[in-house]
Amino acid sequence: MADVSMTCDLKFDVVMEELEQKELETKDIEAADYENLLAIYLANNDTFNAKFLWKRIPQTIKDSSDSLKAIWDIGKSLIQGDYAAIYSQIDSKTWPSHLTSIMSHLRKEQQSRIIHLISKGYTAISLSDAMQMTGCTTEEEIIKLGESAGWKIDAPFGFIISKKVLHDEENVFSSNQEQLEKLTDYVSFLENHY
Amino acid sequence: MSTSLDQFASSVRNLSATGNFEKLNELCNKSKDLLSKNYGQLDDILQTFDLQEHSLGILTILVCKAALDGAKDDEALLHLIEDFIAGCSSEQVKSALDNYNSLIHSYTNFLVLKKQAIRGIIHLQKAITKIRLHQSQLTFIHADLCQLCILAKCFKPALKFLDVEINSIAKDAGPSEVKYFLLYYYYGGMIYASLKNWDRSLYFFEVALTTPSMAISMIMVEAYKKYILVSLILDGKFPSLPKYTSSIITRFSKNFSSPYKNLATAYATHDSNEVSNVIQKYSATFNADNNMGLVKQCLVSLHKKNIQKLTKTFLTLSLNDMADRVQLSSAKEAEFYVLKMIEDGEIFASINQKDGMVVFLDNPEKFNSAKVFRKLEDEMKTCIALDENLRKMNHEIAINPKYLHKIRVEPE
């Protein structure tokens, strides 16, 4: 089984590819491998691949692993958009050691995805909904989180979210030299052919 | 070992050594009868051959072995084929594509029958790379890979091949090449539909449908049904076939598509009850065609299309009103749909929970960012490459003797 307990975010992709390859080679793949792969798909919000992986895992392995079923329950919540359920499903279970880091990664990813979505999709959201969707357990926690995302508190209702101008994250043009090269290509293409 | 078999083995060795593959293939094809009759001794000959040096000899023997009854349960044979795929000489097998393809087709069939689809994926990936000249060349075993991926419910390995635009075909002399061409596009369409990449799925079904033909193939019939459904999901309308579709398809399509046509008519009313009724009415057909999943997606897409329509009429709308207008059960469900659509970039809107309203916004994209610019650059690069390709193909046709002969004979 691949050791993923020590890996950081970036390495999950590498582990994912290793596990996918291992599955195709169909040799000594075990429940733990499926558990890791399924959880990584969910952390990437890749519900399609997660769904098909679940469908193809042999029934005997599904029956033998409680963790696998628990992970898939999270997947189901994710697909159905039942965001509130996801956090308690993660928190209420003690995961075996090979899953702990992936699970906390999944929780973190899910939370930041939701914060981004709330910023994008709401101008006002109630405190309780925001708490549920981000998996916060106390009001202090959600208020801190909301402030860090730039939401304004509107007590007692919840948050007011002003629409920021979305920054183009990669707003850097390539160098002049490169630009010139590309333009030369276009012109030579047009001149030679038309 | 009988003398004729000995002769076969030594001829293979000699011809392989001289590199005369044409003659060698002729010999191999002629010896198939002989080999099949001496089944018991084939393994002995195999022992004397080397994977790399005598690939064509081994290929012929494997083809003969695979043709026997009960070959699918011959685990040793499956291993032989797998080792052969990994170790054979790519140069040699390229000269005998018909035998090679037929061996791979048999292998695929065995795994399908044995329900071990996932086992073959890795071997078929190798098998394809062995014979294609470049990435964008289609082989007739691409379809086999897609079939195994679908059966194994494991799509990622197929995507590596499907995502590449095809511009040439590795032809073999086999009689069933059209079948594998159509199957590739049919299976590809199914894989993209499973991953909800509707655009690409529609394109794949369209290629299958618009393949020039004098007779109608069952693959086309099934592709047409799925083509209608995907078009409904993606564009919300019944698709009109492109002008270059063979006339036989246009003529016969009416015969088998009536339930689908009715579904499209119901869809056009924008009334989800109407659509549900049609689904109910034809559920037997849809189930028999294995299209129920896609049919249900149509209903989901109708809700979304209806919400998108609202954005054209209203600037703001309460969630309750919205649920009424698009026939959703509650404001909560409407909120769920809107949020999902915002996340997927299908509408531009924001929800205000305080007064229960949705505000529809304009597309925030002003088309003045570096990202748009880069996309434009990429598209231009693709266009230039496409132009280059067309030019090359055009040139090849212009100097093709058959073509020249034809235009000389029929000057008009």
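## The largest pocket

The structure described here is a predicted model.

By class, the lining of this pocket comprises 22 nonpolar, eleven polar and 14 charged residues. The element that gives the most to the lining is helix α19 of chain B, residues 292–313, with nine residues.

## Organisation of chain A

Chain A contains ten helices and three strands. Along the sequence, these elements of chain A follow the pattern α-α-α-α-α-α-α-β-α-α-β-β-α. Of the 194 residues in chain A, 49% count as buried.

Helix α3(A) has ten residues, of which seven are buried, so this helix is largely enclosed by the rest of the structure. The buried residues of α3(A) are Thr47(A), Asn49(A), Ala50(A), Phe52(A), Leu53(A), Trp54(A) and Arg56(A).

## Salt bridges in chain A

Over all chains, the structure holds 22 salt bridges. In one of them, Asp33(A) pairs with Lys22(A), with the closest N and O atoms 3.0 Å apart. Asp33(A) belongs to helix α2 (residues 31–43) of chain A and Lys22(A) to helix α1 (residues 9–25) of chain A, so the pair ties together parts that are eleven residues apart in sequence. Asp33(A) has a relative accessible area of 1%; because burial is defined as under 20%, Asp33(A) counts as buried.

A salt bridge also joins Arg56(A) to Glu23(A), and here the closest N and O atoms are 2.7 Å apart. Arg56(A) lies in helix α3 (residues 47–56) of chain A, whereas Glu23(A) lies in helix α1 of chain A, so this pair ties together parts that are 33 residues apart in sequence. Arg56(A) is buried, with a relative accessible area of 16%. Glu23(A) is also buried, with a relative accessible area of 3%.

## Salt bridges in chain B

In chain B, the side chains of Lys225(B) and Glu222(B) meet in a salt bridge, with an N to O distance of 3.3 Å. Both residues lie in helix α14 (residues 218–235) of chain B, where Lys225(B) and Glu222(B) are three residues apart, about one turn of the helix. Both Lys225(B) and Glu222(B) are buried.

Chain B also contains a network of salt bridges, which links Glu75(B), Glu82(B), Lys114(B) and Arg119(B).

## A nonpolar surface patch on chain B

Ile397(B), Tyr403(B), Leu404(B) and Ile407(B) form a nonpolar patch on the surface. Together these four residues have about 340 Å² of accessible area. Helix α23 (residues 401–409) of chain B gives the most to the nonpolar patch, contributing three residues.

Tyr403(B) is a patch member that lies in helix α23 of chain B. The relative accessibility of Tyr403(B) is 38%, and this residue therefore counts as partly exposed, a class that falls between the limits of 20% and 50%.

Definitions and conventions. Residues are numbered from 1 along each chain as its sequence is written. Chains are lettered from A and ligands numbered from 1 in the order in which they are written. This is a predicted model: local features need pLDDT of at least 70, side-chain atom pairs count only at pLDDT 80 or more; totals for chains, interfaces and linings use all residues. Side-chain values use heavy atoms; hydrogens and water are left out. Patches are made of residues with over 30% relative accessible area and no salt bridge: like charges are joined within 9 Å, nonpolar side chains (Val, Leu, Ile, Met, Phe, Trp, Tyr) within 5 Å. Accessible areas come from the Shrake-Rupley method with a 1.4 Å probe; for residues, only the protein chains shown count as cover. Helices (H or I, at least four residues) and strands (E, at least two) are DSSP runs, numbered from the N terminus. Buried means under 20% relative accessible area, exposed over 50%, partly exposed in between (1.4 Å probe, protein chains only). Ala, Val, Leu, Ile, Met, Phe, Trp, Tyr, Cys and Pro count as nonpolar, Asp, Glu, Lys and Arg as charged, and the others, Gly among them, as polar.
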